[in-house]
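Please examine the model shown here and consider the terms used to describe it.

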Amino acid sequence: MSNQVQYAPEDYVVYPTHGVGQVVAIEKQTIGGHDLELLVICFERERMKLRIPMPKVKGSGLRRLSTKKVMESALVTLRGKARVKRTMWSRRAQEYEAKINSGDPVSIAEVVRDLYRSATQPEQSYSERQIYELALERLTCELAAIEDIDAMAATQKVEKLLNAA
């Protein structure tokens, strides 16, 4: 058995720095005199296509969608109490972005939980809001793909959990 993960057209995948995408093709191209097999992934929300040489797929961080069990533990994380460190915002922002770019749903849920503000809480700064919205989008896109629901329904489900916490 090959140790390389096989992807097929129409598979949903998660690329750490771009979120959920769909494999649209496996292409063969000649680049610089070398024949390469490329995995082509389409990211609808970003209107972007990414081509990854097959030998580089494993090291790229690309993965299949999370299991329902992993997503459930991410949703449980949302119900927890926000943990905001008393460090400078620039340091926290770096940590939040690293968690988002890890592609791990539980880490992304921690960012969503920590940066969420209910109507009764003080306003977020612009940069807090940007990071929150990015984390929320990544989490809800994967949730929507796993549960086969639209992005709006996934966002409502997440916000309901946040409001109940």
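The questions and answers below set the computed values against their definitions.

This is a predicted model, in which local features need pLDDT of at least 70, side-chain atom pairs count only at pLDDT 80 or more, and totals for chains, interfaces and linings use all residues. Residues are numbered from 1 along each chain as its sequence is written, and side-chain values use heavy atoms, with hydrogens and water left out.

Q: Why is Glu 142 called buried?
A: Buried means under 20% relative accessible area, exposed over 50%, and partly exposed in between, with a 1.4 Å probe and protein chains only. Glu 142 has a relative accessible area of 3%, and is therefore buried. The residue is found in helix 5 (residues 126-147).

Q: Why is Ser 125 placed in its accessibility class?
A: The relative accessible area of Ser 125 is 32%, so the residue counts as partly exposed. Ser 125 is found in the loop between helix 4 (105-115) and helix 5.

Q: What makes the pair Glu 142 and Arg 63 a polar contact?
A: A polar contact is a pair of N or O atoms within 3.5 Å; within protein, one must be able to donate a hydrogen and the other to accept it, and residues adjacent in sequence count only if both atoms are side-chain atoms. The side chains of Glu 142 and Arg 63 are joined by such a contact at 2.9 Å.

Q: Which residues are in contact with Glu 142, leaving aside its neighbours within four places in sequence?
A: Contact means heavy atoms within 4.5 Å. Among the residues in contact with Glu 142 are Val 14, Val 20, Leu 65, Met 71 and Pro 105.

Q: What makes strand 2 and strand 3 a pair?
A: Strands (E, at least two residues) and helices (H or I, at least four) are DSSP runs, numbered from the N terminus. Two strands pair if DSSP finds at least two bridges between them. Strand 2 (residues 19-31) and strand 3 (residues 34-43) are joined by 9 bridges and run antiparallel. In one of these pairings, Glu 27 has Leu 38 of strand 3 as its bridge partner.
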